[in-house]
Amino acid sequence: MLITNHVLAGTLVGVRAPSLPLALGLGLASHFAMDTVPHWGVDDQDEYLRVARIDGLTGLGVSAAVLAAAPAADRVRIAGGIFGACFPDTNQVSAHFFGRTFHPAWFDGFHNVIQTEHGWLRQEVIVAGALSVVVVASLVNRRRG
Ligand SMILES: [Zn+2]
């Protein structure tokens, strides 16, 4: 699953979670739940990296935007939800830049075994669009308080 979609899910978790520890834990759970749903992924490393670069930068931008738009009282929980929701995929960044992952083998093994990937990238864009609508509505709702 694209990291941008994990960022959006982590945002929703952070908006609703009553505390930072729950935002972190539920964000992590959301990652694994989303990764069990069949999602985009390819064996072609050039294509994978082309999408991953755009997705990584988009995810960072979305993270910054939702944190800027969120009420101040919600920002730490939302950041926790995003961190938890994105944490499992940090192994990919680490493997790309440093040649190895820093996660325990059992953690990465579990993360890998739940993946079901296909070549239909458009599904990720549809999920991102749907989650974006819900995120914007949730943040507007929180701002109106
Ligand atoms: Zn993942």
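Let's start where H2 meets H4: Leu20, Ala23, Leu24, Gly25, Leu26, Gly27, Leu28, Ser30 and His31 of H2 are in contact with Val76, Arg77, Gly80, Gly81, Ile82, Phe83, Gly84 and Ala85 of H4 (contact means C-beta atoms, placed from the backbone, within 7 Å; helices are DSSP runs of H or I, at least four residues, numbered from the N terminus). By class, this contact holds 9 nonpolar, 7 polar and 1 charged residues (Ala, Val, Leu, Ile, Met, Phe, Trp, Tyr, Cys and Pro count as nonpolar, Asp, Glu, Lys and Arg as charged, and the others, Gly among them, as polar).

This is a predicted model, where local features need pLDDT of at least 70, side-chain atom pairs count only at pLDDT 80 or more, and totals for chains, interfaces and linings use all residues. Residues are numbered from 1 along each chain as its sequence is written.

Now the geometry. H2 (residues 20-36) and H4 (residues 75-86) pack at about 30°, with axes 6 Å apart (axes are lines fitted to C-alpha atoms, for helices over the stretch in contact, with angles from 0 to 180 degrees between N-to-C directions). The two are therefore roughly parallel, a label for angles under 35 degrees. H2 passes H4 in a right-handed crossing (the near helix is turned clockwise from the far one by less than a right angle; anticlockwise is left-handed).

Over to H1 (residues 3-16) and H7 (residues 122-144): their axes come within 9 Å and cross at roughly 25°, so H1 is roughly parallel to H7. Here the crossing is left-handed. H1 brings residues including Leu8, Leu12 and Val15, and H7 residues including Val127, Leu131 and Arg142. That contact divides into 9 nonpolar, 5 polar and 2 charged residues.

Definitions and conventions: Parallel < 35°, antiparallel > 145°, perpendicular 65-115°, else oblique. Contact = placed C-beta atoms within 7 Å.
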